[in-house]
Amino acid sequence: MKQHKKALAVWLAAILLLLAGALLTGSPGRSESVQESMRDAVLHNLNQIDLLGLKTVNPGMISAFLVTAFLLLAALLLRILVIPRFQYAPGKLQMLLEEAVGLFDRMARGSSPHRFRFVGAYIFAVGAYIFVGTLFELLGIQAATTLGHPITLPAPLSDVNAAIALGTLSYLAIVSGGVAEHGIKGVGKALKEFSLPISMSFRLFGALLSGLLVTELVYYYVSLSFVLPVIVAVLFTLLHALVQTYVLTMLTALYYGEMSEPSHKPAKKRA
Amino acid sequence: MTNLPLNIDLQQILLHWMNLVILTGGLYFLLYKPVKAFIAKREDYYREREMEAAGKLAEAERIHAAYQAKMDAADEEIHQAKLKAQEAAQQSAEEQLNQARTMAQQLLVHARTEAEHDKEQILRSSQRELRKLAAEATKKLAMEKDPFDHFLDLAEEGAKHEER
């Protein structure tokens, strides 16, 4: 009991000390106004990052590569260390993996019963990318811009290019379902849904960007940086990640199923 | 490529595509496919077990049915044997009864015959006895006075008496 009280006192003292230090040290000054910060969060024309000396890219591009690297590394480790030890009576991690794969597989089978192999694999990858990518902003990984300013790497999909890439790639995946089932006619069928890539892209971009802007706004002011981020950042981001993952994967599977559905020609009436 | 609105960069879009294609392929081969293969393997295993169990159950049911049929056949056989034994016992009883009746009939006939024979013999013997007695009586009578003469004598004696 005495030890608990001592630990509590040390903890509170540490919090107060750090708070006092943060307030007394002061800020080196803002490099940009809130307007500039918000504008740059949308357009990314100010804070860009050098990609291995080849090209300057938006921070979202670096986030995308990092998320992919993380996912592939995790998958590789799971493939080497966990999957070979799978049992018929699964443990917790095995159950989690099976449920993650099974969830997207069932979604694909449910939405597109005729062709579900490709779309199942695709929505699994995209779902993992959106979920982990959205949670990625919670890590607050720092990077240096070409101007030398520090920047927190955002969620990949808060970059309009990433959202467009994902929206258009999903559209192409949907078109491929139509082509696989109906040949060249499938392209025509898919082109009727020309608004789909735009709506998919900007739905993602808008959803992720709005989260980013709110977070930027909250973090911009030091006084709002206590307690509030726990709700704004963690809870909202978690919910956000789940909702966006579900929406895009579900829409992709649904449209894929619609496109790849075999046509039922009505029997010609004989005179 | 920065002339597009919202700072859209086609080169970066292509880089994102490449990134997504790598991720999709990598996750498919490293995670999705092996996990699905394992799930399918486990499903096959349990399906096989289920089929095996169903086969064993069917075999057990078949054996049970065969035993039941054998039991039924044995029951039927026992029933038939019982009926046969009953019939045999009944037949034997009837035969014995018939035999007893025949024997009784024979005994009765024999007794009647014997009685008839005895009767005839007795009759014959009594007739013989009567004949013998008659002969003896005749002989006795013959040896004594003629009754007619005696009668006549008596009759004469009577007439003399009346005249007196």
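A:G257 touches A:S111 and A:S112, leaving out residues up to four places away in sequence; touching, or contact, here means heavy atoms within 4.5 Å. This is a predicted model, in which local features need pLDDT of at least 70, side-chain atom pairs count only at pLDDT 80 or more, and totals for chains, interfaces and linings use all residues. Residues are numbered from 1 along each chain as its sequence is written, chains are lettered from A and ligands numbered from 1 in the order in which they are written, and side-chain values use heavy atoms, with hydrogens and water left out.

Back to the glycine. A:G257 sits in helix α9 of chain A, residues 228–259; helices (H or I, at least four residues) and strands (E, at least two) are DSSP runs, numbered from the N terminus. With 6% relative accessibility, A:G257 counts as buried. The cut-offs are under 20% relative accessible area for buried, over 50% for exposed, and partly exposed in between, using a 1.4 Å probe and protein chains only.

## Where the two chains meet

On the chain B side, 32 residues are in contact with 50 residues of chain A. Together the chains bury about 3800 Å², and carbon and sulfur atoms give 74% of that. Buried area is the accessible area (1.4 Å probe) that two parts lose on being put together, summed over both.

How many salt bridges are there between chain B and chain A? The count is 3, where a salt bridge is a side-chain nitrogen of Lys or Arg within 4 Å of a carboxyl oxygen of Asp or Glu. B:D9 and A:K55 make a salt bridge through their side chains, at 3.1 Å from N to O. By class, the side of chain B that touches chain A has 21 nonpolar, 7 polar and 4 charged residues. For that tally, Ala, Val, Leu, Ile, Met, Phe, Trp, Tyr, Cys and Pro are nonpolar, Asp, Glu, Lys and Arg are charged, and the others, Gly among them, are polar.

## The nonpolar core

Of the 75 residues in the largest nonpolar core, A:I123, A:Y129, A:L157, A:L166 and A:L204 touch the most other members. A nonpolar core is a set of buried Ala, Val, Leu, Ile, Met, Phe, Trp, Tyr and Cys residues joined through side-chain atoms within 4.5 Å. The elements giving two or more residues to this core include α3, α5 and α9 of chain A, along with α1 (10–143) of chain B. The largest share, 12 residues, comes from α5(A).

A:Y129 has contacts in both chains: among them are A:A64, A:V67, A:L157 and A:L166, plus B:H16, B:N19, B:L20 and B:L23. A:T68 is another of the A:Y129 contacts. This threonine lies in helix α3 of chain A, residues 59–82, and is buried at 4% relative accessibility. Beyond its sequence neighbours up to four places away, A:T68 touches A:Y129, B:N19 and B:L23.

## Salt bridges elsewhere

Over all chains, the count comes to 9 salt bridges. In one of them, A:R115 meets A:E181, with the closest N and O atoms 2.9 Å apart. A:R115 is in the loop between α4 and α5 of chain A and A:E181 is in helix α6 of chain A, so the pair ties together parts that are 66 residues apart in sequence. A:R115 is partly exposed at 30%, and A:E181 is partly exposed at 27%.

Chain B has the pair B:R124 and B:E120, at 3.6 Å from N to O. They are 4 residues apart in helix α1 of chain B, so about one helical turn separates them. Both ends are partly exposed, B:R124 at 45% and B:E120 at 40%. Salt bridges that share partners also join A:D105, A:R109 and B:K36 into one network.

## Two loop residues

Most residues other than glycine have a negative phi. A:L52 has a positive phi, near 50°. This leucine is found in the loop between β1 (49–51) and β2 (55–57) of chain A and is exposed, at 75% relative accessible area.

A:I141 lies in the loop between α5 (117–136) and β3 (142–144) of chain A. Is A:I141 buried, partly exposed or exposed? At 31% relative accessibility, A:I141 counts as partly exposed. Leaving aside neighbours within four places in sequence, A:I141 is in contact with A:F136, A:I151, A:T152 and A:L153.
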